[in-house]
Amino acid sequence: MAQWIFDENDVEELDFAVIPEGNHRVRVQEITEKTSRTSKSMLEIVLEVSGYAGKIWDYLVFDNTDDTARKRTNNKISQIAQSFGVKPQVIPTNPQGLVGKVGGARVKHTQYNGETKANISYYLNAEKTAALPEWKNAGGSTANMDIEVIDEEDVDS
């Protein structure tokens, strides 16, 4: 058993305010391969958001049930690839290659069980991402990060 004397004076309050709607720099913190409720392969993508302590969870479901679903999946793969500067083929074959990469996303709000939640509406292309302010840590300090700006022509679609 651990020996510890708890001191409530050493507890730091964390502010997890809802991330505002709009365009934000995001960084892939973690990707987990999972199965959706409908038994389809999917990726759970955990994103850090520049300047905020909260995180956003996004999901990429590999849905091949019909033409509409296949196109929706391919569109999302293309958005992610363009935003994070990888080839689309990397996403289903080596999703861990996205971890640590910085891109951009449009955040929208939805209501869930009476609470406002921040979600990804869509991922920004390289040009829109490059126009965003530089990365800031949750406390507001800028991070010394190398962010590679790529031309959309350099990303295979």
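Q: Which residue takes a positive phi in the hairpin of strand 2 and strand 3?
A: Gly-51 does, with phi near 85°. That hairpin has five residues between the strands. Keep in mind that this is a predicted model.

Q: And how do strand 2 and strand 3 pair, parallel or antiparallel?
A: Antiparallel, over seven bridges. Strand 3 covers residues 55–61.

Q: Which residue is the bridge partner of Glu-44 in strand 3?
A: Tyr-59 is the partner of Glu-44 there.

Q: What about the hairpin of strand 1 and strand 2, which residue has the positive phi?
A: Ser-39, with phi near 65°. This hairpin also has five residues between its strands.

Q: Is Ser-39 buried or exposed?
A: Ser-39 counts as exposed because its relative accessibility is 64%. Ser-39 is found in the loop between strand 1 and strand 2, and its phi is positive although it is not a glycine.

Q: What is the phi of Asn-113?
A: Near 50°, a positive value in a residue other than glycine. Asn-113 is found in the loop between strand 4 (102–112) and strand 5 (115–123). Asn-113 is exposed, with a relative accessible area of 69%.

Q: Back to strand 1. How many bridges join strand 1 to strand 2?
A: Nine, and the two strands run antiparallel. Among the pairs, Val-26 has Val-49 as its bridge partner in strand 2, and Arg-27 has Glu-48.

Q: How many bridges join strand 1 to strand 4?
A: Six, again with the strands antiparallel. Val-26 stands opposite Gly-103 in strand 4, and Val-26 is also the residue whose partner in strand 2 is Val-49.

Q: What's the overall order of elements?
A: From the N terminus on, β-β-β-α-α-β-β-α. That makes three helices and five strands.

Q: How many residues of strand 2 are buried?
A: Seven of its nine, so strand 2 (residues 41–49) is mostly covered, taking buried as under 20% relative accessible area. In the protein, buried residues make up 32% of the 157 residues.

Q: Which residues touch the most other members of the largest nonpolar core?
A: Ile-45, Leu-47, Ile-80, Phe-84, Ile-91, Leu-98 and Tyr-123, in a core of 22 residues. The elements that give two or more residues to this core are strand 1, strand 2, strand 3, helix 1 (67–84), strand 4 and strand 5.

Q: What is Ile-45 in contact with, leaving aside its neighbours within four places in sequence?
A: Val-28, Glu-30, Ile-31, Ile-56, Trp-57, Asp-58, Ile-80 and Tyr-123.

Q: What share of contacts comes from residues 24 or more positions apart?
A: Such residues account for 52% of the contacts with a separation of 6 or more.

Q: Switching to charges. How many salt bridges does the structure hold?
A: Five. One of them joins Glu-44 and Lys-34, the closest N and O atoms being 3.4 Å apart. Glu-44 lies in strand 2 and Lys-34 in strand 1, so this pair ties together parts that are ten residues apart in sequence.

Q: Is Glu-44 buried or exposed?
A: Buried, with a relative accessible area of 12%. Lys-34 counts as partly exposed at 36% relative accessibility.

Q: Which residue forms a salt bridge with Arg-70?
A: Asp-67, with the closest N and O atoms 2.4 Å apart. Both lie in helix 1, three residues apart, about one turn of the helix. Arg-70 counts as partly exposed at 32% relative accessibility.

Q: And which residue meets Glu-115 in a salt bridge?
A: Lys-117, at 3.6 Å from N to O. Glu-115 counts as partly exposed at 46% relative accessibility, and Lys-117 is partly exposed with a relative accessible area of 34%.

Q: Last topic, the surface. Which residues make the nonpolar surface patch of about 430 Å²?
A: Trp-4, Phe-6 and Val-11. Val-11 sits in the segment before strand 1 (22–35) and is partly exposed, with a relative accessible area of 45%.

Q: What does the accessible surface of the protein come to?
A: About 10400 Å², of which 45% belongs to carbon and sulfur atoms.

Terms used
Residues are numbered from 1 along each chain as its sequence is written. This is a predicted model: local features need pLDDT of at least 70, side-chain atom pairs count only at pLDDT 80 or more; totals for chains, interfaces and linings use all residues. Side-chain values use heavy atoms; hydrogens and water are left out. Patches are made of residues with over 30% relative accessible area and no salt bridge: like charges are joined within 9 Å, nonpolar side chains (Val, Leu, Ile, Met, Phe, Trp, Tyr) within 5 Å. Accessible areas come from the Shrake-Rupley method with a 1.4 Å probe; for residues, only the protein chains shown count as cover. A salt bridge is a side-chain nitrogen of Lys or Arg within 4 Å of a carboxyl oxygen of Asp or Glu. Helices (H or I, at least four residues) and strands (E, at least two) are DSSP runs, numbered from the N terminus. Buried means under 20% relative accessible area, exposed over 50%, partly exposed in between (1.4 Å probe, protein chains only). Two strands pair if DSSP finds at least two bridges between them. A nonpolar core is a set of buried Ala, Val, Leu, Ile, Met, Phe, Trp, Tyr and Cys residues joined through side-chain atoms within 4.5 Å. Contact means heavy atoms within 4.5 Å.
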